[in-house]
Amino acid sequence: MLTKKILSTAAILMLLACSPQFDWREVRGNDAPFRVLMPAKPASFSRDMQLAGLTLNMQMTAADAAGVNFAVGSVRLDDPGKAGVVAEAMKDGMLKNIDGQITQAASSPDGIVEMQGKLPDGEVVTMAARFIIRGPRVYQVIAIGPAKKLKQDVIDTYMSSFKTD
């Protein structure tokens, strides 16, 4: 009888230890042609933003898991020739939002930029971001959270899963 209780307790503890913090699932953009793995059920919304002197409607899809926020934002430009300055404005805006600095620059135009900064409440955060131009669309793909929670394998899984359709 005691052995049965010990085995049951051990089985429950093993199941708890194996429960994933990140329940990855493929998500497709509602208004923008992309797909990405997100670690929880996302919410979608849009809002007008000022980027590079332009008022643009940004579509956002975002999820939170284990204290880390994951988001894909996209804007559609009437003039695709302004995509580069809009992507740069997105990056500058993200840096400003976390009062941050770049700790690792992208090694390619679509590469990952890593930033360190603080939220308004003083919490120190790490952000990994990609700023991607595809035709008339500019995407920002970000993961942000405490450094101890935003591990490299999580960044790699999320960032490498992003694809435009």
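I started with R35, which forms a salt bridge with E26, the closest N and O atoms being 3.9 Å apart. A salt bridge here is a side-chain nitrogen of Lys or Arg within 4 Å of a carboxyl oxygen of Asp or Glu. This is a predicted model, where local features need pLDDT of at least 70, side-chain atom pairs count only at pLDDT 80 or more, and totals for chains, interfaces and linings use all residues. Residues are numbered from 1 along each chain as its sequence is written, and side-chain values use heavy atoms, without hydrogens and water.

I followed E26 next. E26 also bridges to R28, with the closest N and O atoms 3.7 Å apart. I found E26, R28, R35 and D165 linked in a network of salt bridges.

I looked up exposure (buried is under 20% relative accessible area, exposed over 50%, partly exposed in between; 1.4 Å probe, protein chains only). R35 is partly exposed at 25%. E26 is partly exposed at 49%, and R28 at 47%.

I then checked K91. It forms a salt bridge with E88, closest N and O atoms 3.4 Å apart. Helices (H or I, at least four residues) and strands (E, at least two) are DSSP runs, numbered from the N terminus. K91 is buried at 18%, whereas E88 is partly exposed at 38%.

Last, I turned to strand 5 (residues 68–76). Seven of its nine residues are buried, so the rest of the structure largely encloses it. Strand 5 runs antiparallel to strand 4 (residues 54–65), joined by seven bridges.

How values were computed
Pairing = 2+ DSSP bridges.
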